[in-house]
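User: Please take me through this model one question at a time. Give the cut-off behind each term when it comes up.

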Amino acid sequence: MNSLDINVVQYKSELCKRLQAKKDQSDDLPFEFRALELALELTCMSLDVKVKELEMEIYPVLDELASSINTLNLERVRRLKGHLLTLTQRVQKVRDELEHLMDDDGDMAEMYLTEKKLRSEGNTPHEINPLTNFSGGTRQVSKSAPVSPIASTSGAPRLQRAFSSIVTASKQGSLSSSHGGDNIEQLEMLLEAYFVVIDHTLSKLLSLKEYIDDTEDLINIKLGNVQNHLIQFELLLTAATFVATLFAAVAGVFGMNFAASIFDYPSAFSWVLIITGAGCGLLYFSFLLYFKYKKIFPL
C-alpha cells in the first residue's frame, strides 16, 4: 500500500483516534477486528457517497434527455453510464469478497490474529510440561523442561504429574478453541453488518441502472414513433406524387403538337383538366381508404 495515499492517511488517523478513544473502555474486539471494521466502514461510506453523487448528477440528466433528445444529453448519459458501470464493478467486488469470507469459516478463523498469537505463546514447551529437578536431595519442579516419567525411582507420581500436565494443556486448548469460535461468530456478525450495507449500495446502483435502461427504452420508443410518423408522411407523399404524375402525364399528352378534333372545341381542354383532376383526387382518396383499411396509420 502507498502510505502517502490520501485514503491510507485518512484510515491511519481515524484508526489512531478510535484506538485512543477506546483505550479506557471495555471492548472485547481485538485490534485486527477494529482495524477491519474501520476499513469496511470507510470503504462502504466512500462507495455510498460516490453513489449518492452519481444519483444527484444522473437523474436530472435522464429527465432532461427524456423530454429533449439531443446529442449533448446523449453524450452526458453515455459518460455517466460508464461511471456507473465502473462503480458497480467496485461495489460488486467488495460484496463478493465479504460473501466469500462469510462462506469460509477457515478464512475467518485465520483472520483472528490475536488468538493465533496467544495460542502460539501458550503452547511453548516450557509452559506446558514441568520437570522435577534435584537440589540437595529436595525435588523442585521446573517449568522450563519436559517431564520424564522414568527419570527417577518414584515413577508413579511422575506419571501422574505428566498426565496432569497433558490434561491441563488439553483443557486450555479446548477453551482456546471455544474462544476462537466465539470470535469467529463476532467476525461473522461484523462482516454480515457491512455486507448488508454494501448490498444496499449495490441495490441502489442496480436501481439506477434499471432507471437508465427504462429511459433508453422510452427514448427508443419515442424515436420509433418519430420514425413511424416519417414513414407515414413518406407514404402519403409518395401517393400524392403518383397522383400528380398521372395528372402531369395527361397534361403532357395534350401538350404535344398533333392534330386532334378535340382542339376544335375551346372548352374541351378545360373539361379534360377538370375530369383528370377529379380522377386524381378520387384515386388519392382511394389510397387513403386503403391505408386506413390496412391500419398502416390511423386517420
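User: Is Asp48 buried or exposed?

Analyst: Buried means under 20% relative accessible area, exposed over 50%, and partly exposed in between, with a 1.4 Å probe and protein chains only. Asp48 has a relative accessible area of 17%, so this residue is buried.

User: What should I know about the model and its numbering?

Analyst: The model is predicted: local features need pLDDT of at least 70, side-chain atom pairs count only at pLDDT 80 or more, and totals for chains, interfaces and linings use all residues. Side-chain values use heavy atoms, without hydrogens and water, and residues are numbered from 1 along each chain as its sequence is written.

User: With which side chain does the side chain of Asp48 make a polar contact?

Analyst: Asp48 is placed in helix α2. Contact means heavy atoms within 4.5 Å, and Asp48 touches Thr201 and Lys204 when residues up to four places away in sequence are not counted. A polar contact is a pair of N or O atoms within 3.5 Å; within protein, one must be able to donate a hydrogen and the other to accept it, and residues adjacent in sequence count only if both atoms are side-chain atoms. At 2.8 Å, the partner of the Asp48 side chain is the side chain of Lys204.

User: In what order do the elements of the protein run from the N terminus?

Analyst: Helices (H or I, at least four residues) and strands (E, at least two) are DSSP runs, numbered from the N terminus. The protein has eight helices and two strands. From the N terminus on, the order is α-α-α-α-α-α-β-β-α-α.

User: Which element gives the most to the lining of the largest pocket?

Analyst: Rolling a probe the size of a water molecule over the atoms shows where empty space is left. On a 1 Å grid over the protein atoms alone, a cavity is a set of points where a 1.4 Å probe fits but cannot get out, a pocket is an open set with protein on both sides within 12 Å along at least five of seven lines, and lining residues have an atom within 4 Å of a point. The largest pocket holds about 380 Å³ of space; 13 residues line this pocket, and Asn7, Ala39, Leu42, Thr43 and Ser46 are the closest to its centre. Two or more lining residues come from each of α1 (6-21) and α2 (31-67), and the most, seven residues, come from α2.

User: How many charged residues are in the lining of the largest pocket?

Analyst: Ala, Val, Leu, Ile, Met, Phe, Trp, Tyr, Cys and Pro count as nonpolar, Asp, Glu, Lys and Arg as charged, and the others, Gly among them, as polar. By these classes the lining has seven nonpolar and four polar residues, and the charged ones number two.

User: How much space lies in the largest cavity?

Analyst: The count comes to one cavity of 30 Å³ or more. Its lining consists of Leu15, Arg18, Leu19, Lys22, Arg34, Glu37 and Leu38, and α1 and α2 are the elements that give two or more residues to this lining. By class there are three nonpolar, no polar and four charged residues. Grid points are joined across faces, edges and corners, and a volume is the space filled by probe spheres set on the points; for the largest cavity the space is about 60 Å³.

User: Why does the pair of Phe287 and Phe291 get its class, and what is that class?

Analyst: Rings of Phe, Tyr and Trp (its six-membered ring) pair if their centres lie within 6.5 Å; planes under 30 degrees apart count as stacked, over 60 as edge-to-face and the rest as tilted. The structure has four aromatic pairs. In one of them, the ring centres of Phe287 and Phe291 are 6.4 Å apart and the planes are at 20°, so the class is stacked.

User: Which residues do ring pairs link into a cluster?

Analyst: Phe287 and Phe291 are four residues apart in helix α8 (residues 268-293), or about one helical turn. Phe287 is partly exposed at 25% relative accessible area, whereas Phe291, at 7%, is buried. The cluster linked by ring pairs is made up of Phe242, Phe287, Tyr290 and Phe291.

User: How far apart in space are Lys222 and Ile69, C-alpha to C-alpha?

Analyst: Lys222 lies in helix α7 (residues 155-254) and is partly exposed, at 33% relative accessible area. Leaving aside neighbours within four places in sequence, Lys222 is in contact with Ala66, Ser67 and Ile69. Lys222 and Ile69 are 153 residues apart in sequence, and their C-alpha to C-alpha distance is 9.3 Å.
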